[in-house]
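User: Can you walk me through a few spots in this model? I'm new to it.

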Amino acid sequence: MELSVGQIVEGKITGITNFGVFLDIGEGKSGLVHISEVARTYVSDINEFVKVGDVVKAKVLTISDEG
């Protein structure tokens, strides 16, 4: 899967940290959603919004040099 900035992808949450969540977006690729991008309101506890195993849609904002 070729990714491009602005693309909407579907991913499964594989980990939650105090700064965001990690997504498995398939084909060996992963992504990070920063806590500030999880909701339109202030998020003090990310666990109130998502849990490991949830499938979510995310917009690609940047792509690392490794893809």
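Analyst: Strands here are DSSP runs of E at least two residues long, and helices are runs of H or I of at least four, numbered from the N terminus. This is a predicted model, where local features need pLDDT of at least 70, side-chain atom pairs count only at pLDDT 80 or more, and totals for chains, interfaces and linings use all residues. Residues are numbered from 1 along each chain as its sequence is written, and side-chain values use heavy atoms, leaving out hydrogens and water.

User: Is Glu27 buried or exposed?

Analyst: Glu27 sits in the loop between β2 (20-26) and β3 (29-34). Its phi is positive, about 55 degrees, although Glu27 is not a glycine. Buried means under 20% relative accessible area, exposed over 50%, and partly exposed in between (1.4 Å probe, protein chains only). Glu27 has 59% relative accessibility, so the label is exposed.

User: How are the rings of Phe19 and Phe22 arranged?

Analyst: Phe19 lies in the loop between β1 (8-17) and β2, and is partly exposed at 38%. Rings of Phe, Tyr and Trp (its six-membered ring) pair if their centres lie within 6.5 Å; planes under 30 degrees apart are stacked, over 60 edge-to-face, the rest tilted. That rule gives 1 aromatic pair. With centres 6.2 Å apart and planes at 85 degrees, Phe19 and Phe22 are therefore edge-to-face.

User: Which residues does Asp54 touch, leaving out those up to four places away in sequence?

Analyst: Asp54 is in the loop between β3 and β4 (55-59). Contact means heavy atoms within 4.5 Å. Leaving out residues up to four places away in sequence, Asp54 touches Gly11, Lys12 and Ile13.
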